[in-house]
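This text walks through a single structure, shown below.

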Amino acid sequence: MSKFFFMGKPDIMGKNNSNGFSPKRNEKVGSELHPLLLVVNSPQRKLEVEAIVQEHKLFATVELNTQSDEDIRELEFALVKSTPQVFDKVPERNSPCLCGSGKKYKKCCA
């Protein structure tokens, strides 16, 4: 039996698994390098969409095509801001109860 012992985690995947899977992680949608691609039906709608893009300081290529349906999904995605969920902190067992009874939480409302 050999006295060679491997120290550490073996690299089974090689260099392919070093950073994880990240397709275009650093690209910001609506920037100069990656503008939005939008399709509208009428010249009036094109002016409205361009005004929205300028108002939010985004970059977009707005194409006028009367034969196809309007496609502004990328703009809607760029404008939606997700808000993080906030949860109230649950008191510890031995802390005073939140209801104001003066008892410990574990004996009152737990």
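A disulfide is taken here as a pair of cysteine sulfur atoms within 2.5 Å. The model is a predicted one, and by this rule it holds 0 disulfides. Cysteine 108 takes part in no disulfide, and the nearest cysteine sulfur, which belongs to cysteine 99, lies 3.5 Å away. As for accessibility, cysteine 108 has a relative value of 30% and so counts as partly exposed. Cysteine 97, at 9% relative accessibility, counts as buried, since the limit for that class is under 20%.

The largest nonpolar core has 10 residues: Leu36, Leu38, Val40, Val49, Val53, Leu58, Val62, Ile72, Leu75 and Ala78. Strand S1 (36-40), helix H1 (43-55) and helix H2 each give two or more residues to this core. The most come from S1, which supplies 3 residues. Setting aside residues up to four places away in sequence, leucine 75 touches Leu36, Leu38, Val49, Ile52, Val53 and Leu58.

Serine 68 sits in the loop that runs between strand S2 (60-64) and helix H2 (73-79). With a relative accessible area of 27%, serine 68 is partly exposed. Its side chain makes a polar contact of 3.4 Å with the side chain of asparagine 65. Beyond its neighbours within four places in sequence, serine 68 is in contact with Val39 and Asn41. Valine 40 is 28 residues from serine 68 in sequence, while the C-alpha atoms of the two are 8.2 Å apart in space.

Key:
Residues are numbered from 1 along each chain as its sequence is written. This is a predicted model: local features need pLDDT of at least 70, side-chain atom pairs count only at pLDDT 80 or more; totals for chains, interfaces and linings use all residues. Side-chain values use heavy atoms; hydrogens and water are left out. Buried means under 20% relative accessible area, exposed over 50%, partly exposed in between (1.4 Å probe, protein chains only). Helices (H or I, at least four residues) and strands (E, at least two) are DSSP runs, numbered from the N terminus. Contact means heavy atoms within 4.5 Å. A polar contact is a pair of N or O atoms within 3.5 Å; within protein, one must be able to donate a hydrogen and the other to accept it, and residues adjacent in sequence count only if both atoms are side-chain atoms. A nonpolar core is a set of buried Ala, Val, Leu, Ile, Met, Phe, Trp, Tyr and Cys residues joined through side-chain atoms within 4.5 Å.
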